[in-house]
Structure formats: structure tokens, C-alpha cells
Amino acid sequence: MEELVGLREGSSGNPVTLQELWGPCPRIRRRIRGGLEWLKQKLFRVGEDWYFLATGVLMALISYTMRNHLGLSRAGGAHKWLYREIGDSHLLRYLSWTVYPMALVSFSSGFSQSITPFSGGSGIPELKTILSGVVLEDYLDIKNFGAKVVGLTCTLASGSTIFLGKVGPFVHLSVMIAAYLGRVRTKTIGESENKSKQNEMLVAAAGGWALPQSLQRPFNGVLFSIEVMSSHFSVWDYWRGFFAATCGAFMFRLLAVFNSEQETITSLFKTSFRVDVPFDLPEIFFFVALGAICGVLSCAYLFCQRNFLIFVKTNPLTSKLLATSKPLYSALAALVLASITYPPGVGRFMASRLSMKQHLDTLFDNNSWALITRNSSPPWPAEPDPQNLWFEWYHPRFTIFGTLAFFLVMKFWMLILATTIPMPAGYFMPIFIFGAAVGRLIGEALSVAFPEGIVAGGVTNPIMPGGYALAGAAAFSGAVTHTISTALLAFELTGQIVHALPVLMAVLAANAIAQSCQPSFYDGTIIVKKLPYLPWIRGRKIRRHRSGVLGKHLARASFSTGSQPAALGRGTPLLTQEIALTFSLSACPESQILVGTVRRAHLLQALQAEPPSWAPGHQHYLQDILAGGCPMEPVTLQLSPETSLHEAHNLFELLNLQSLFVTSRGRAVGTVSWVELKKAISNVTNPPAPK
């Protein structure tokens, strides 16, 4: 039904709807509408990027709201309160410990998947694919935002029983906000969509707003996201990322002070390492050895995690559960994890009553637990003692070494199982804690081997296991994600930089081993999900890729070209190719000289709006279509058959391309898409077996 319109009495302006004309207070409503329109225009015209930087503050508000006003901080306390107050019955206590996270996890999986299937997981693998130039439909749609927030809140409320974090989902949330604001700004100002500009803003969003709001660490947030999210990063985006990260992290910490949670802005994990002599020079060897151990363990973890994901997707039972009943699969996985962490059972040897933050607080303790318990046996308290949380790691029969080793063995496969649950969750903080436990175990062993400390320069200084836990956390998490900036994260989290040299050496040693053996955690997920992403060419394989040219490894793909004198009708096979979005144009059929491209949508629009001067049944020529106003785009970038695979790979990654024309002396000989380039690189790296 068409809406009725009319004119105001004595007005010569544009007609307005009768609802607006006869509604109450038309002048006030008109002025308010005009004021909002003026504010919107001014808001999106203030500079080029500043409105995006304000999103750093918005993400801080969202993070703080999730933690304090959506019940996240109270939900974890409610779980422990229910377990403590339910009585002495082991059955009831077991049910209270397991059913609570099962309900939260199943609801998180079911709710988020019912809204959109793109809300599960961390989101970083998909964002890496988007930033490489591939369009994933609906992944950055704003409707995913609510599903991600609700699902992530339930995931975090399940606590340390599921042992998952929030780094990856916050990356997804911030990029969704950036993409939405970009679309609003483009629509408001009326500018044409700029893919390059949009890509820069998404990178700045991932770096400047996501990680600082999840970890409150601005500098590491920017550097970590640069390493993880993009293979090429524009220096121009540095100031955007750091400014937004600083504003967001400052706002989050400021809200905590205003809410009387803290007296002032402090570090997240307080440590008391020695400042005068934090480590002796001979300990550098032990830190490097710790990095090597973390590198080997990360390779084992990445291999097992990737193959277990493949098994879950291919196994008939689990694949059917994931396809038909994701909440049921999530509940079963949560039941297994919660049963293992039940405190009176196996969880007694895993410090399962501690939260994830308390895990790090205790592991970074600079005192040696093994030396403290050598001549004394502290009792296991009925409830965790806030002043002596490390008692949770001690068992008179298992000792400190037994509980730490058991924790590592169990968490190794439990983390792998948790990554298969289809719900919004982050996986960085769990591996960070796992690495801290590895370092703590090595540090405790060294403190027992050298109870008096290591003599250097005639001075004996005791070994601090907390320093090794700090190095292990940075080394293992850096090796799993193939990043170096985790060393900076360790310093920002603790507020101390006294272990800068040994931690950085441990991270480098771990990365050297991990990067030479296994793809990163996020790249492995890309491989398992079969996302369209070009493989990374490792340094030792560059020579082979430089020697291989496109003409040898890529078959000349046949593609349709239209010459300007060619006849063109509505039934032309050229237009029936529904897959093609652009068509190449040649000067004439004989020469095949590439002169430009024309988009399919523009060509169809020109044919549908044919001039009335054309007689019915007249044979239309492409040159007539182009002369009638159909835009033709020049080909500014081309490849040669002699271009090496390494050069082609760099172009596709740097410019986020999907396909390129291959020309020889101006003559079009084929096209190269990222699919063909990926296959060619794989054939060179892993040649197929001879037939």
C-alpha cells in the first residue's frame, strides 16, 4: 500500500507524509530529526579515522559491561557458592559441579548457533581469510554481535572447569563494529566503497581494540594482532592501533577504579621479582633450554589438536552430533571436562578450585614451593586460602612435582577437547597458563637441584621459579601462535621487565622450533576448515618457488574474451557464465591484445537499458555498448608467464587479490586465481607421487 503524501499550507517545499503532517508536535519532531541528521553528518565528517578510534572506548564499555553487569563475575562465584553450600553429599556436590557448566556451555552453543553459524570459535582464522581479500558472506554482519556477546558470556561464566578465554571473540566483536561503522559512514557521506580502506580499518580494529580490551595490555595487543592477523601491515595503521588501544585499555582500568574494584590503575598480575639481580648469567642456558622444551611441546600440541579436529569432523558419530545437535555435543564435552576437574576426585591434583587468574597468580609466585614443603607438609584447606593459594598445588603424596606434571598431562588433552566445542571462546589464555605451568615445573626442579642458588661472580642468588613460569608462558603461547610479541605481553601483565632478556631468548628458541615443524594454531584451523587462504612460503623454500614460473606450474586457463567489434546479444554465451563477475576485452579476435575489462553487472545494465534508436532485431556490437556509456576498466596489473611463484604469491598477499590476468607481449593468455596459485605452491612444496 502506497503512503499518502501532502503539502503544508502555504509551503512550496517537498511533500511530506500525512502521518508526519497530522502527527503531534510536528515542528518539534522535525527539529529533532534535523538535529540528529546534522549530528550524524558532523560525526562522520570529523576526520578520516577518528570515529573508528572512539570504538576503542566502546569496546572497553562492552568488556566492562560483560564482566560486571551481565553477571559474568557473579556467575563464577555462584558456581563455587552452590558447590560449597549444597551439603556434604558427594552426589549432590558432583552434580552441582558438573551440571552448572554443562547448562552454560550447551546454552552458549545452542543460542549462538541458532542466531548464526559464524559465531562459534575464536574468529581469528576467518578474519585472517577476510583480510587476505576473500569475502566471507555474513561473517561481519552486525546480527552476529549479539550472538557472540551472549555466547561468550556463558562460556566465560563456566569458569576454569572448561578453561577457555576471550581473546579471539573480542577480535571478532571489534572487527564487526568497525565494519558496521564503516558501512554507516559510507552510506551517510555517500562515498563509494573503498576495499583498501576497509581492509586497513579492519586491521586497525583487530589490533587496536580487541586484545587490549580482553587483556588490558595496549602495546602487546597491537603487536600481537599484527603478527597474527596480517602478513603485510601498513605503517600508517600503527598510530591508529596504538591510540585506540591506549584509549580502550585506559577506559577499562578507569572504570574498575570508579567502581571501587581497585584503588588505582595497577598491573593485572602483581609479582615481586628481585630487581637488583633477577637472574644470574648461567641461568640464560636454562631459559633457552626451557624455550626449546616449550617449542617441542607446542609442536606436539599443534599436531594433536589439528588431527583431533579432523577426526571429530570425519568420525560418523561426532560429525552427526555436530551437524544435528551441537548443544548435545557441547554438553557431553563439558561433562567430561567438569568430571575430571571435580575437586574431591582427580581435580584435587590439578588445583581445579582456582580460577584462571588465580592459576597465573600462583604460578608467578617467586618462592620455591618445593623448598618450602621439603621439611613441612601444609594441610589442604577446606576452601582456598586467599593468602596461600599455592596450597592448592600441593599434595603430601604427589608433591609439587607430581601435581604440576599431572596438571600438564591432563590439560594437554583437555585443551584439545575444549577447542572442538562449537561455541564462542578464546584459546590464547589457556595455552598461556599451560606454558606457565611448564616453566614452573622447570623452575622448581632447578631450585631443588641448586637449593642455595647459582654462584656467579662470587655471589650466590637463589633461583626464582616464578621467572621461569613467566618465560614458559611467553614461550609456549608464542610458539603455538607463531608470535614474538608474547614476551611483551608477559612484561605488561606483571608490570616488571627484569626478565626481558631471558624471556625473549626463550620465546625465540620456542618459535624457531615450532615454525619449522608445524603451522600455527590459527593456520591449522584454516587448514581443517578448508578456508580459502594462501599457504605461507617458508624461508628455506623460497629458492624453489623463485625458480618455478607460472608457465611451468599453471596450466593456461581458458577464459572468454570479448572483442570490441564482436556481436553481442542477450543470448550471448559470454553473459550466460553466471560465475564470472568481470570479462576481459581485446582489440580484435586475432590479436587478443588485452585492452580492459567490463563488469558483468554493468554489461547487463547497459543491455537492459538499450537506446530506443536501436531497431528491433538489430545485431548489437560490443563497441556500441561501450559507446553507450558502459564503463570499461583498464587492467593496471598483469602477470607474465615468466613470473615466479614467489613473486605471484607476494602480489596476491600484499594486494589481497583474487585473480590476475596473464599476458605475453600484451596478448592475453590466461588468468591465475588464488585457488590455482595455492595448488601450484602445494605441488612444489609437496610434489605428487609419480604415476
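Reader: Among contacts in the chain between residues at least 6 apart in sequence, what share joins residues at least 24 apart?
Author: This is a predicted model, in which local features need pLDDT of at least 70 and side-chain atom pairs count only at pLDDT 80 or more, while totals for chains, interfaces and linings use all residues. Residues are numbered from 1 along each chain as its sequence is written, and side-chain values use heavy atoms, with hydrogens and water left out. Taking contact to mean heavy atoms within 4.5 Å, the share joining residues at least 24 apart, among those at least 6 apart in sequence, is 74%.

Reader: Thanks! How much of the chain is buried?
Author: A residue is buried when its relative accessible area is under 20%, exposed when over 50% and partly exposed in between (1.4 Å probe, protein chains only). Of the 691 residues in the chain, the buried part is 51%.

Reader: How many helices and strands does the chain have?
Author: Both are DSSP runs numbered from the N terminus: H or I over at least four residues for helices, E over at least two for strands. By that reading, the chain holds 29 helices and 10 strands.

Reader: How are α20 and α22 oriented to each other?
Author: Helix α20 covers residues 465-481 and helix α22 residues 500-517; their axes lie 8 Å apart at an angle of about 30 degrees. Axes are lines fitted to C-alpha atoms, for helices over the stretch in contact, with angles from 0 to 180 degrees between N-to-C directions. Angles under 35 degrees count as roughly parallel, over 145 as roughly antiparallel, 65 to 115 as roughly perpendicular and the rest as oblique. The angle therefore makes α20 and α22 roughly parallel.

Reader: And which residue classes make up the contact of α20 with α22?
Author: On the α20 side are Leu-470, Ala-471, Ala-474, Ala-475, Gly-478 and Ala-479, and they meet Val-503, Ala-506, Val-507, Ala-510, Asn-511 and Ala-514 of α22. Ala, Val, Leu, Ile, Met, Phe, Trp, Tyr, Cys and Pro count as nonpolar, Asp, Glu, Lys and Arg as charged, and the others, Gly among them, as polar. By class, the contact has 10 nonpolar, two polar and no charged residues.

Reader: What about α14 and α15: how does that pair pack?
Author: Helix α14 (residues 316-324) has its axis 5 Å from that of α15, at an angle of about 125 degrees. Thr-318, Leu-321, Leu-322 and Thr-324 of α14 make the contact with Lys-326, Leu-328, Tyr-329 and Leu-332 of α15. Its residues divide into five nonpolar, two polar and one charged. Because of the angle, α14 to α15 is oblique.

Reader: On to charges, then: how many salt bridges are there?
Author: The rule asks for a side-chain nitrogen of Lys or Arg within 4 Å of a carboxyl oxygen of Asp or Glu. Counted this way, the salt bridges come to six.

Reader: Are Arg-353 and Glu-392 buried or exposed?
Author: Their side chains meet in a salt bridge of 2.7 Å, N to O. Arg-353 sits in the loop between α15 (326-340) and α16 (356-363), and Glu-392, 39 residues apart from it, in the loop between α17 (369-372) and α18 (399-418). Both residues are buried.
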